[in-house]
Amino acid sequence: SWYGEARSYRFGRLSLDRTWRLHNEATVRMNGLVEDRFDARYRSNEATILGLNAEFNRRLGNGDLLALSLALRDTDSVSANGTFQAASFRAAYSFDQPVGPVRLSAGLTLGYSDYPVYQSGLFLVPGGRQDQSYYADVNMFFDQIDYAGFAPMLRIRAGRRRSNDSRFNSREVSVSLGVQSKF
């Protein structure tokens, strides 16, 4: 892994992925990974990471798509501030039929992370650091306006992260414009 022109760390990763198609227009996908980061430029990047993701997607009778996902991550770092456990849950809904020239989708993401031992500046945070977050987004895909199979995408996102270490409290309202493949 490189940042700029300097190597951040070397790593090895093993991941497994499996998808099951269910009888009712639904799929379940699971994947897991083990990653070892070593020979890092900064100690906080030396870590062993375990991850597990689960997704459930269901095409509804009207053609809309409901997607639910859960992600779990356990990171054990040589640096106390880099050791944490995290979980996130996302629910998303995509409309099959366009609304005018726009294909709409929306989602809600909830997250939690726990750093059992956390040092803020010179002081240890009693009980470690815990963060909770929630974000909502609306995505607008203008698939009728394309060039060579790519069309504009507009995303509006709002949310908040709360932490017992106030340096990590944040609020977000963002608008992103990009391009997305129609394939």
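This is a predicted model: local features need pLDDT of at least 70, side-chain atom pairs count only at pLDDT 80 or more; totals for chains, interfaces and linings use all residues.
Local features need pLDDT of at least 70 and side-chain atom pairs count only at pLDDT 80 or more, while totals for chains, interfaces and linings use all residues. Residues are numbered from 1 along each chain as its sequence is written, and side-chain values use heavy atoms, with hydrogens and water left out.

On the strand side (strands being DSSP runs of E, at least two residues, numbered from the N terminus), S7 (residues 84-94) runs antiparallel to S8 (residues 103-115), with ten bridges joining them; pairing takes at least two DSSP bridges between two strands. Ser94 sits opposite Ser105 of S8. S8 also pairs with S11 (residues 129-141), again antiparallel, over 13 bridges. There, Tyr115 has Arg129 in S11 as its bridge partner.

Arg129 turns up again in a salt bridge, this time with Asp131, at 2.5 Å between the closest N and O atoms. A salt bridge here is a side-chain nitrogen of Lys or Arg within 4 Å of a carboxyl oxygen of Asp or Glu. Arg129 and Asp131 are both buried (under 20% relative accessible area, with exposed over 50% and partly exposed in between, 1.4 Å probe, protein chains only).

The whole structure holds eleven salt bridges. One of them links Asp17 and Arg29, N to O at 2.5 Å. Asp17 belongs to S3 (residues 10-22) and Arg29 to S4 (residues 26-38), so this contact ties together parts twelve residues apart in sequence. Asp17 is partly exposed at 46% relative accessibility, and Arg29 is partly exposed at 29%. Arg37 and Glu35 pair up at 2.6 Å, N to O, and both are buried. Finally, Arg7, Arg10 and Asp39 are joined in a salt-bridge network.

Conventions: Helices (H or I, at least four residues) and strands (E, at least two) are DSSP runs, numbered from the N terminus.
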